Amino acid sequence: MKKPHLPLVDNDQAVHDMLASNSLGTFFGVSQKVLDQVWHELTAADGNSVTYVSMEIGAERDVFHPIKSRLERLEITDSTDPVLDQFIKKFLHGAEKLPNYSGGLGVLAGDTLKSFADSRIPALAITLLYRKGYFSQLVDSRLGQIAWTSEWRPEETPSLYLLRDPDHPDHPLVIEVPFSDGHDRNSVAHAQVWLKMEVNSTLDFFVPQILLDYSIPSSPEWIRAAADHLYDSSSERTKAIQRRLLGAGIVPVMEALGVTSKTIHLNEQHGVVVVLHLIARELFATVGPGYATLATDEDIIRAADKVAGRVVYTIHTPVKAGHDRFNRDLYAELGHAFCQRTLRLLARDKEQPQVYNFTELAMRVNRATNSVSRLHKEVTRNQFPEYAAKISAITNGVHHLTWISDAKAELYDSFAELKGWRDDPSAFANAKLLLASNRFRAYFEQAWQQDTRRLIDYVNGMLVEHRNQMQETWIDPPNYLSYLEEGERDLSPEALTIGFARRFSTYKRADLIFEDLDTLAKIIVQIGRPVNFIFAGKAHPADEPGKSLIKLLLDYQKDLYLKSNGLARLVFIPGYDMQIAKMMVAGVHAWLNNPKRPLEASGTSGMKAAMNGVPNISIMDGWWVEGYHEGKTGWKFGYEGPVDAESLSESPAALLYAEDSASFYNLFPEILTAFNEPALRDGYLDKCIMNLVLNCPIFNTHRMAAEYLDRYAITLDRKTAERIQRFRALYDSDPEFSARR
Ligand SMILES: *Cc1c(COP(=O)(O)O)cnc(C)c1O
């Protein structure tokens with residue numbers, strides 16, 4: 001017998017190639033060559049990169065971890081080199097959580113950076129580091145949501161590095177951010193600088209995420225306090241300070257690192273005060289050091305137009321709470337006189353003369369405004385008619401490598417038709433060839449069952465655990481089922497399992513399908529098959545209506561269970577995060593989305609389900625207007641008529657509960673039957689596979705990033721440009737925009 005030919009992997013060499021350093025620190029995961037190359041592009045004199053600014057970035061290790069995966073694959077557990085050994089241990093066993101995000105906006109940012117890295121787009125991201133994260137969610141059956149603070153330790157988090165000062169290597173790099181202290185004295189905030197690497201799966205490119213950390217003693221106490229929690233809205237002042245900590249930190253940190261990006265991409269308007277900084281710079285150059293008193297209004301406007309050439313802005317929501325407005329008097333305490341003057345010119349609010357409107361500022365000063373779906377483009381144009389011409393659509397996506405479950409990834413890997421799907425999501429279009437493959441259908445069912453079992457085991461375990469912990473925690477289990485006995489209590493993985501998870505805010509209407517419990521229960525009893533409804537999500541601690549939605553759901557549990565003769569089980573999973581999201585989107589049998597049209601600008605959790613072949617049941621809003629294909633990818637229900645100014649209302653009367661829930665009850669028997677009836681099973685599976693065919697190639701961040709490149713002023717080398725062109729060709733979110741170019 002011939003000896004098997006073993007590939008020559010020298011683990012020692014492989015792991016040494018994962019170490020690199022420069023004057024800012026020593027980093028683990030990429031080779032010296034890769035580090036040097038990425039840094040060279042970011043600091044090139046001609047500025048060929050993009051700086052991406054976001055209030056939150058969600059990229060946790062427990063859902064995507066290329067460096068850890070590499071170590072595991074090579075079975076590397078230690079090294080004789082003490083520096084390497086420490087890194088290896090940290091990456092294999094260190095903290096998984098980086099709770100520096102609240103929801104969809106942050107997860108989108110993280111997914112975007114990962115696709116930038118996969119596509120080798122030279123980019124750098126800037127965000128804030130919140131020592132106390134967002135908040136941790138406990139849920140008590142009587143009290144509803146309880147918010148508590150859990151501190152996390154960036155020092156112990158793999159892939160986070162505290163940068164050192166190149167001029168004083170024993171000290172951390174600290175940037176100065178000018179601030180006003182509210183008493184017309186200038187004070188200075190200081191931030192140390194963390195770097196997190198978003199490394200691609202082949203470990204030969206990365207996008208640095210820069211996190212500004214204002215928690216250091218040289219920052220005034222009131223600054224440190226404002227920087228603790230993401231979206232701290234305990235006062236308007238705190239909120240305004242927090243936005244400034246992001247926006248005013250951008251130019252100083254870019255300069256400290258030597259980053260030369262010409263394009264700055266604002267992910268939402270939170271960091272928009274960076275444009276004030278850039279305008280002042282521009283005036284300094286054109287008018288001179290005395291610009292603050294010498295510049296005329298025309299000078300300021302001219303400078304703003306020049307700065308606009310550098311800014312790309314993505315607006316994410318038509319909902320009012322998503323747009324920052326600050327009282328002028330309050331803001332006068334935080335910024336300098338010249339800053340007030342610029343804001344008076346560029347951040348007028350149409351309705352309230354006494355506030356600055358930061359969405360207006362972002363709308364005004366940019367070269368391209370992106371909405372996040374086709375429908376959202378129409379809505380945004382109606383909201384901001386004076387800027388309509390420059391508003392275009394780039395529909396959101398998700399990072400497919402992050403959101404496809406292990407079981408499904410293994411399945412996709414084992415069919416030659418899908419070859420290359422990891423690098424190029426267009427490969428999923430070939431799933432069409434698998435529609436008729438009984439082998440694929442059988443394996444798909446198997447992989448799906450694995451994912452469902454994982455989710456159901458988690459839920460069943462949680463129900464018992466809550467009950468057992470009750471004595472110590474004094475928390476009443478949030479689920480009625482926790483009080484039932486084994487046998488009665490457990491969810492069955494055979495039952496149609498419907499998932500719903502997202503932030504709890506009014507317009508997402510988490511309670512919609514329970515509007516008429518009697519009708520819902522009757523449908524289930526008539527068909528006589530069990531149903532699991534699995535819900536999760538956090539409400540912002542200051543959002544009372546959002547919190548009351550959680551409480552309402554808990555209150556429905558027992559009634560629904562009893563009225564359906566024990567067939568319907570409604571469960572709430574506390575502590576929604578990316579890991580729970582991943583488990584849910586892959587494990588459920590259908591993903592429910594019922595916002596009030598047109599307030600869900602895009603939505604992304606449904607795309608994560610589609611990546612796993614799970615059909616959506618959704619209102620025709622956001623991405624689903626583009627992802628729904630009649631009879632093929634899932635189901636639609638609810639109002640889908642024209643949208644106008646009136647449709648943006650979130651008042652209870654305008655939320656269409658009666659109309660849309662009735663529409664759901666009309667549809668639901670069909671879905672329940674389609675899932676349970678053996679003769680209809682093939683039709684259900686067809687829908688799963690058609691999600692791979694029609695939706696995976698489109699609703700991914702590789703394609704989205706490629707479309708963003710159209711709006712950026714950067715040029716790519718030939719090889720990269722060709723790769724991007726492949727993704728770009730997958731879809732055109734805005735044919736009208738493309739035709740004009
Ligand atoms: C994907 C995701 C979201 C966003 O979901 P939407 O459907 O866009 O509301 C929010 N939170 C987490 C943890 C996610 O993974």
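A salt bridge is a side-chain nitrogen of Lys or Arg within 4 Å of a carboxyl oxygen of Asp or Glu. Side chains of opposite charge can pair when their charged atoms come close. In the whole structure, a search finds 51 salt bridges. The structure is a predicted model, in which local features need pLDDT of at least 70 and side-chain atom pairs count only at pLDDT 80 or more, while totals for chains, interfaces and linings use all residues. Residues are numbered from 1 along each chain as its sequence is written, and side-chain values use heavy atoms, with hydrogens and water left out.

Lys-97 sits in the loop between helix 4 (82-93) and helix 5, and Asp-577 in the loop between strand 21 (568-573) and helix 21 (578-587), so the pair ties together parts that are 480 residues apart in sequence. Helices (H or I, at least four residues) and strands (E, at least two) are DSSP runs, numbered from the N terminus.

The domain assignment gives domain 1 (11-44 + 57-118 + 129-232) and domain 2 (400-699). Such bounds come from an automatic or database domain assignment. The contact (heavy atoms within 4.5 Å) takes 30 residues from domain 1 and 31 residues from domain 2. The C-alpha centres of the two domains lie 32 Å apart.

Between them, domain 1 and domain 2 bury about 2,400 Å², and 57% of this lies on carbon and sulfur atoms. Buried area is the accessible area (1.4 Å probe) that two parts lose on being put together, summed over both. Val-63, Gln-137 and Val-139 supply 26% of the area that domain 1 buries against domain 2, more than any other three residues.

Polar links also cross this interface. The rule finds two salt bridges there. It also finds 13 residue pairs in polar contact, both residues being at pLDDT 80 or more. A polar contact is a pair of N or O atoms within 3.5 Å; within protein, one must be able to donate a hydrogen and the other to accept it, and residues adjacent in sequence count only if both atoms are side-chain atoms. On the side of domain 1 that touches domain 2, the elements giving two or more residues are helix 5 (104-119), strand 5 (136-140) and strand 6 (144-148).

The ligand is surrounded by 14 residues, the closest being Lys-508, Gly-603, Thr-604, Ser-605 and Lys-608. A residue counts as near if one of its heavy atoms lies within 4 Å. An oxygen atom of the ligand lies 2.8 Å from a polar side-chain atom of Lys-508. For the side chain of Ser-605, the distance from an N or O atom to a ligand oxygen is 2.5 Å. For Lys-608, the corresponding distance is 2.6 Å.

Two backbone features stand apart. Most residues other than glycine have a negative phi, and most peptide bonds are trans. Arg-597 and Pro-598 are joined by a cis peptide bond, with omega about 5 degrees. Ser-159 is not a glycine, yet has a positive phi of about 75 degrees.
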